Amino acid sequence: MRIDIVSVLPELMQSPFETSILKRAVDKGLVEVHFHHLREWGIGKHRQIDDEPYGGGAGMVMLIEPLDACLSELKSQRDYDEVIYLTPDGETLTQRIANTLSIQKNLIFLCGHYKGIDQRVRELHITKEISIGDFVLTGGELAACVLADSVIRLLPGVLNDEQSALTDSFQDGLLSPPIYTRPAEYKGLKVPEILLSGNSKKIEDWHYEEALRITREKRPDLLGE
Ligand code: ADE
């Protein structure tokens with residue numbers, strides 16, 4: 001997979017891809033992440049990338065020319081499966097969306113800034129708009145990192161234990177059951193007996209029942225309740 005990230009603040013997104021699992025994915029060649037500083041396509045001597053909104057109002061709007069030039073240049077180099085704009089008014093990110101994106105080959109993430117992008121950029125280039133939740137960040141960069149993380153960890157070979165992505169919360173529509181490790185008892189708090197029993201069928205049933213119980217308790221909406 002290849003992800004191209006267009007931003008006015010690419011430096012905000014370096015460390016997630018230089019650390020731990022995402023770094024390993026990059027080092028193993030399972031994903032290529034390329035940053036593009038929008039300023040390089042800015043207009044004139046000052047490399048302008050934003051201007052005041054028509055009709056007035058607070059905040060600046062990202063100009064169409066630099067965005068169109070940048071996105072057109074990238075799109076002339078290869079076929080992209082999706083050009084994704086990170087924005088609070090997009091579709092809320094879910095595991096289902098991450099799963100769908102994880103089987104694509106080439107993705108562009110566009111990070112919004114200031115008040116957002118000129119509407120016509122959406123019409124010209126954007127194929128998908130994603131929000132990471134009903135709150136507003138200072139820009140799309142951290143949202144792009146969240147989206148990239150959710151997608152990259154699903155690529156075959158990224159996680160050591162292939163099973164572990166399959167048993168994530170949400171992957172089967174349920175939250176994860178409680179998990180425990182040694183010691184079997186701590187300050188009087190005991191690990192459920194069944195997990196020490198060695199009976200894999202009973203353990204599997206317990207995991208399922210607990211996942212159901214926890215989902216009903218914390219997120220009944222996931223069960224349609
Ligand atoms: N940019 C600003 N807030 C955002 C959000 N919640 N999701 C995605 N992009 C954003």
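Mentor: What follows is a set of questions about a predicted model, each answered by setting a value against its cut-off.

Trainee: Why is Leu 154 called buried?

Mentor: Leu 154 has 20 C-beta neighbours inside 10 Å, and because a residue is buried if 20 or more other C-beta atoms lie within that distance, Leu 154 counts as buried. Leu 154 is found in the loop between helix H5 (141-152) and helix H6 (162-166), and Leu 154 touches Ala 98, Asn 99, Ser 102 and Ala 165, leaving aside residues up to four places away in sequence. Ala 98 is 56 residues from Leu 154 along the chain, with 8.0 Å separating their C-alpha atoms.

Trainee: What makes Gly 133 exposed or buried?

Mentor: Gly 133, in the loop between strand E7 (128-131) and H5, has 11 C-beta neighbours inside 10 Å; since exposed applies to 12 or fewer, Gly 133 counts as exposed. Val 136 lies in the loop between E7 and H5, and with 10 such neighbours inside 10 Å Val 136 therefore counts as exposed.

Trainee: How do you know which residues are around the ligand?

Mentor: A residue belongs there if its C-beta atom lies within 6 Å of the ligand, and the residues around the ligand include Gly 133 and Val 136. Strand E5 (residues 82-92) gives the most to this shell, with three residues, and the shell divides into seven nonpolar, five polar and no charged residues. In an unreviewed entry, UniProt lists Gly 133 and Val 136 among the residues for "binding site".

Terms used:
Residues numbered from 1 in each chain as written. Predicted model: local features only at pLDDT ≥ 70, side-chain atom pairs only at ≥ 80, totals over all residues. Helix = DSSP H or I, 4+ residues; strand = E, 2+ residues; numbered from the N terminus. Contact = placed C-beta atoms within 7 Å. Nonpolar A, V, L, I, M, F, W, Y, C, P; charged D, E, K, R; others polar. UniProt positions renumbered as here; feature names shortened; annotations may be inferred.
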